[in-house]
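The tour goes from one selection to the next.

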Amino acid sequence: MRSNKLKELADNPAFISGIYNYCDRWCERCAFTSRCLQYATEQADPDANDPEIRDINNEKFWRKLHDIFTDTAMMISEWAAEAGVDLDSVDVTEEMAEHEREMEAAEQDELSEMARHYAMTVQNWFRDQSVNEEDVHDDAMNGPNAVSDDLTLRDAAEIIQWYQFFIAVKLTRALSRPASIDENSDDEDVLTADFLPVEETDELVDYDAVISRAHRIDSNGSAKVALVAIDRSTAGWGALQLSLPDKAHTINPIVLELDRLRRLTEKRFPRARDFIRPGLDEVLSEFVS
């Protein structure tokens, strides 16, 4: 998408600002696609339905990626020029090195390792338990594999498999956003302020404090969506236990592993459940003010 078209879309007041930052990227099951800028930009892309564009081994994929980077670089240059920033004078070498160290530490964290282990457990279960296509795709609401009026075996399997790697990705991101204030701090005023808008002031801005606050907010938001994915995955496994009683004994250890992952995530990010995701956790009016 060209930059002028993106700017035109971004000016649409119907979109919920930042809703795509802490969603689960499952657009097919989202009720907010009509109010999501990310979804709109993807749908406006003339190549959106070309399967070759999504194939990493296809030349079209790499050409498309190059075009995206080119357009993005152009927009950044325009914004920097408007703000009077000389990008050539900015040295981010140290910041990039620090970011790489943070990511490496996050990936080696116990929580990340647990999440990746869970993902492989899911992979192995679907392989070893021979849950065949007839089982997974039986949509008969009153059939032998129906779990409830609203959830079929296929639904449960899709939920589990959609989130199996997603959880690890979001937890690693949450762990890679260090902040100067301990999440377990007793400083109630400081932690509560993270969930309030920043007030305008004539005083000089403490950019270190702003960045630290942004890191805490993003960390809690990433942990929140990971917890949502864990909750939904747990419900999916519960549905499979009911639908496949002969395999229930193989599912029990996975449910326990997922519950341990949830409890440890809540311990490491005690404020994550309080995070309000734009749109997704809000009661919104049908009208745009």
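What follows is a list of selections, with a note on what is found at each.

**Before selecting**

This is a predicted model, in which local features need pLDDT of at least 70 and side-chain atom pairs count only at pLDDT 80 or more, while totals for chains, interfaces and linings use all residues. Residues are numbered from 1 along each chain as its sequence is written, and side-chain values use heavy atoms, with hydrogens and water left out.

**The whole chain**

Colour by secondary structure. The chain has 11 helices and zero strands; helices (H or I, at least four residues) and strands (E, at least two) are DSSP runs, numbered from the N terminus. Of the 289 residues in the chain, 36% are buried, where buried means under 20% relative accessible area, exposed over 50% and partly exposed in between, with a 1.4 Å probe and protein chains only. Contact here means heavy atoms within 4.5 Å. Among contacts between residues at least 6 apart in sequence, 71% join residues at least 24 apart.

**H5 and H7**

Select helix H5 (residues 110–128) and helix H7 (residues 153–163): their axes come within 9 Å and cross at roughly 140°. That angle makes H5 oblique to H7. Axes are lines fitted to C-alpha atoms, for helices over the stretch in contact, and angles run from 0 to 180 degrees between N-to-C directions. Angles under 35 degrees count as roughly parallel, over 145 as roughly antiparallel, 65 to 115 as roughly perpendicular and the rest as oblique.

Now show side chains. On the H5 side are Tyr118, Val122 and Phe126, which meet Ala157, Ile160 and Gln161 of H7. By class, this contact has five nonpolar, one polar and no charged residues. Ala, Val, Leu, Ile, Met, Phe, Trp, Tyr, Cys and Pro count as nonpolar, Asp, Glu, Lys and Arg as charged, and the others, Gly among them, as polar.

**H5 and H8**

From H5, the residues Leu111, Ser112, Ala115, Arg116 and Tyr118 meet Ile167, Ala168, Leu171, Thr172 and Leu175 of H8. By class, the contact of H5 with H8 has seven nonpolar, two polar and one charged residues.

**The largest nonpolar core**

Which residues have the most contacts inside the largest nonpolar core? Select Tyr118, Trp125, Phe126, Ile167, Trp237, Leu240 and Leu261, out of a core of 38 residues. H5, H7, helix H8 (166–175), helix H10 (207–243) and helix H11 (248–268) each supply at least two residues of this core. H10 gives the most, with nine residues. A nonpolar core is a set of buried Ala, Val, Leu, Ile, Met, Phe, Trp, Tyr and Cys residues joined through side-chain atoms within 4.5 Å.

Centre on Ile167. Beyond its neighbours within four places in sequence, Ile167 is in contact with Ala115, Tyr118, Ala226, Ala229, Ile230, Ser233, Leu258 and Leu261.

**Two single residues**

Go to Ala106 in helix H4 (residues 93–108). With 1% relative accessibility, Ala106 counts as buried. Leaving aside neighbours within four places in sequence, Ala106 is in contact with Ser112, Thr172, Leu175 and Ser176.

Finish at Ser219, which lies in H10. Ser219 has 3% relative accessibility and counts as buried. Apart from neighbours within four places in sequence, Ser219 is in contact with Ala174, Arg177 and Phe269.
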